[in-house]
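Here is a short report for a reader meeting this structure for the first time. Look over the sequence and the model, then read on.

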Amino acid sequence: MKSGFVAVVGRANAGKSTLVNVLVGEKVAIVSPKPQTTRDRILGVLTTEDYQIAFIDTPGIYKADNLLNSVMQKTTDDSCVDVDAVLFVLDAHEGISDTDRTLLNKYLSLKIPTVLALSKIDIMTENLLISELNELSQTGAEIVPVSARKGKNLKELLKVLVDKLPNGDKIFEQDIVSDRSEKFMIAEIMREKILLKFEKEIPHGVAIVINKFSLMEGGNMYEVNLDIVCEKLNHKAILIGKGGKAIKEVSSFARADMEKFLGKKVFLTTYVKVKDDWRNSQSLLKELGYEN
Ligand SMILES: Nc1nc2c(ncn2[C@@H]2O[C@H](COP(=O)(O)OP(=O)(O)O)[C@@H](O)[C@H]2O)c(=O)[nH]1
Ligand SMILES: [Mg+2]
């Protein structure tokens, strides 16, 4: 059998987390149309009879304009140490940028087997794809055009990746899909709904703190109590909305998803709190769980 680690890298929004979720067959990482959705390194494990691939979904590549972003950048860099292969995801429908070219060359020069997935081919023209394939084939990278959304070429991608893995036993137990706890996923679900609902800096300045996550008496309902931590007083007002309308709406979407994820009813209470400029505070980053 073959087994090993594959780091999933590429620019923000390239479709890394979506791809890991479909390959693994379960939602292990949240997804949104906004950059900076993934803040942590998240493991997604795919086990079959013939192979086991442990995908390391990363925050991706960011300009480090605050402390949180530089922590995320370091998380991404560290994830590529000691892996068996790198899966570089490039949003093909966006076109190839200079950043993509530079990054791809960087990974190719690391001498770790690198597979290039051209993503989102469901929303682009064939002509553009062909011209990109022409350019990128010159780099010597092995390329697989895919669509995570339409499930296109995923088998081919897996085959190419498995080829890069060494022979060896399973690293994780058969039924392990992620290394993240239910509590972590509950917080991430809340953050995903905030990313989907709010614009600009607000969602990027939000962190979730779970105060309570436990089964209630009788065992058929969870109690979840969490803080939505934001950076500024005016962000708090927007997050809450007129008469609490905004927070009620995101909380009810979050609750529905938490219930789906946990398979039980959830009693959810949320509070919005301000921690001034937490994204630039070493101690607050640590307190909120973002550290290397
Ligand atoms: N049309 C299309 N959209 C996709 C595909 N994969 C991801 N997306 C969208 O691209 C956005 C960013 O995806 P995400 O997985 O969060 O990207 P990440 O930042 O690289 O992890 C989301 O809105 C996804 O729904 C795809 O195969 N086709
Ligand atoms: Mg992501």
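## Contacts around Leu154

Two residues are in contact if their C-beta atoms, placed from the backbone, lie within 7 Å. With residues up to four places away in sequence left out, Leu154 touches Val22, Leu23 and Val146. The model is a predicted one.

Leu154 belongs to helix H5, which covers residues 154–164. Leu154 has 17 other C-beta atoms within 10 Å, so it is partly exposed. Between Leu154 and Ala54 lie 100 residues of chain, and their C-alpha atoms are 16 Å apart.

Leu23 sits in helix H1. Is Leu23 buried or exposed? It counts as buried, because 22 C-beta neighbours lie inside 10 Å of Leu23.

Which residues does Leu23 contact, leaving aside neighbours within four places in sequence? They are Leu46, Phe55, Leu154 and Leu158. Leu23 and Leu154 are 131 residues apart along the chain, yet 7.3 Å separates their C-alpha atoms.

## The shell around ligand 1

Ligand 1 is surrounded by 20 residues. The closest are Gly15, Lys16, Ser17, Thr18 and Arg149. Helix H1 (residues 16–24) gives the largest share of this shell, three residues.

By residue type, the shell around ligand 1 holds ten polar, six nonpolar and four charged residues.

## Two domains

The protein chain is split into domain 1 (2–164) and domain 2 (182–287). Taken over C-alpha atoms, their centres are 28 Å apart. Nine residues of domain 1 and twelve residues of domain 2 take part in the contact between them. On the side of domain 1 that touches domain 2, four residues are nonpolar, four are polar and one is charged.

## The largest nonpolar core

In soluble globular proteins, nonpolar side chains tend to be buried together. Here the largest nonpolar core has 65 residues. Val6, Val8, Phe55, Ile56 and Leu87 touch the most other members. Helix H6 (residues 182–197) supplies the largest share of this core, seven residues. The core takes at least three residues from each of domain 1 (2–164) and domain 2 (182–287).

Val6 shows what such a position looks like. Not counting residues up to four places away in sequence, Val6 touches Ile53, Phe55, Ile56, Val83, Asp84, Ala85, Leu87 and Leu161. Two of the names, Phe55 and Ile56, are also among the core members that touch the most others.

## Met258 in helix H9

Helix H9 (residues 245–262) contains Met258. Met258 is buried, because it has 23 C-beta neighbours inside 10 Å. Its contacts, with neighbours within four places in sequence set aside, are Ile186, Ile189, Val224, Val266 and Leu268.

How far apart in space are Met258 and Lys273, C-alpha to C-alpha? The separation is 21 Å, for 15 residues in sequence.

Helix H4 (residues 126–137) has twelve residues. From first C-alpha to last, H4 reaches 16 Å. That is close to the 16 Å expected at 1.5 Å a residue. One of the twelve residues of H4 is buried, so the helix lies largely in the open.

Most residues other than glycine have a negative phi, and most peptide bonds are trans. Lys200 has a positive phi, near 55 degrees. Lys200 lies in the loop between H6 and helix H7 (201–204). With 10 other C-beta atoms within 10 Å, Lys200 is exposed. Asp277 has a positive phi too, near 50 degrees. The loop that holds Asp277 runs between strand S9 (265–274) and helix H10 (282–287). Asp277 counts as partly exposed, because 13 C-beta neighbours lie inside 10 Å.

Thr48 is in the loop between strand S2 (42–47) and strand S3 (51–57). Thr48 has 11 C-beta neighbours inside 10 Å, so it counts as exposed. Thr48 and Leu116 are 68 residues apart in sequence. In space they are 23 Å apart, C-alpha to C-alpha.

Methods
Residues numbered from 1 in each chain as written. Chains lettered and ligands numbered in written order. Predicted model: local features only at pLDDT ≥ 70, side-chain atom pairs only at ≥ 80, totals over all residues. Near = placed C-beta within 6 Å. Helix = DSSP H or I, 4+ residues; strand = E, 2+ residues; numbered from the N terminus. Nonpolar A, V, L, I, M, F, W, Y, C, P; charged D, E, K, R; others polar. Expected span 1.5 Å × (residues − 1). Buried ≥ 20, exposed ≤ 12 C-beta atoms within 10 Å, placed from the backbone. Core = buried A, V, L, I, M, F, W, Y, C linked by C-beta atoms within 7 Å. Domains from an automatic or database assignment.
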